[in-house]
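Thanks for coming. I will go through one structure, starting with the overall layout and ending with a single residue.

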Amino acid sequence: MIPKELLDILACPACDERPPVRLAADGKSLVCDCCRRQYPVRDGIPVMLVDEAVIPGPPAPPAAAAVPDARPAPPARRHHSGNG
Ligand SMILES: [Zn+2]
């Protein structure tokens, strides 16, 4: 667990504004809400290195996977000759 006093002085090194980072939900990383970087915490020690940070990819659009088959219907043929 990271002491709050330490969290208070930690800032994201990747952002010019040096925004404070917060502890992730799993407690295993520190997250910068400004640049979305996640800094790992190893043996209780936050690794505030830009090279060690991980930026989660953007969430996939929900419509990307399930695309309905929306091909245009072929024009109906009226002229069909034959004895049927
Ligand atoms: Zn940042």
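First, a term: helices, of at least four residues, and strands, of at least two, are DSSP runs, numbered from the N terminus. What you see is a predicted model.

Next, burial. The protein chain has 84 residues, and 8% of them are buried. As for contacts, take those between residues at least 6 apart in sequence: 15% of these join residues at least 24 apart.

Now the core. Which residues make up the largest nonpolar core? There are six: Cys12, Val21, Leu30, Cys32, Tyr39 and Ala53.

Let me stay with Cys12. Where is Cys12 found? Its place is the loop between helix H1 (4-9) and strand S1 (22-23). Why does Cys12 count as buried? The cut-off is 20 or more other C-beta atoms within 10 Å. Cys12 has 23 C-beta neighbours inside 10 Å, so it counts as buried.

Which residues does Cys12 touch, once neighbours within four places in sequence are set aside? Its contacts are Arg18, Pro19, Val21, Cys32, Cys34, Cys35 and Arg37. For a distance, Cys12 and Arg22 are 10 residues apart along the chain, and their C-alpha atoms are separated by 9.8 Å.

Last, Cys32, another member of that core. With neighbours within four places again left out, Cys32 is in contact with Cys12, Ala14, Cys15, Pro19, Val21 and Arg37.

How values were computed: Residues are numbered from 1 along each chain as its sequence is written. This is a predicted model: local features need pLDDT of at least 70, side-chain atom pairs count only at pLDDT 80 or more; totals for chains, interfaces and linings use all residues. A nonpolar core is a set of buried Ala, Val, Leu, Ile, Met, Phe, Trp, Tyr and Cys residues joined through C-beta atoms within 7 Å. A residue is buried if 20 or more other C-beta atoms lie within 10 Å of its own, exposed if 12 or fewer, and partly exposed in between; C-beta atoms are placed from the backbone. Two residues are in contact if their C-beta atoms, placed from the backbone, lie within 7 Å.
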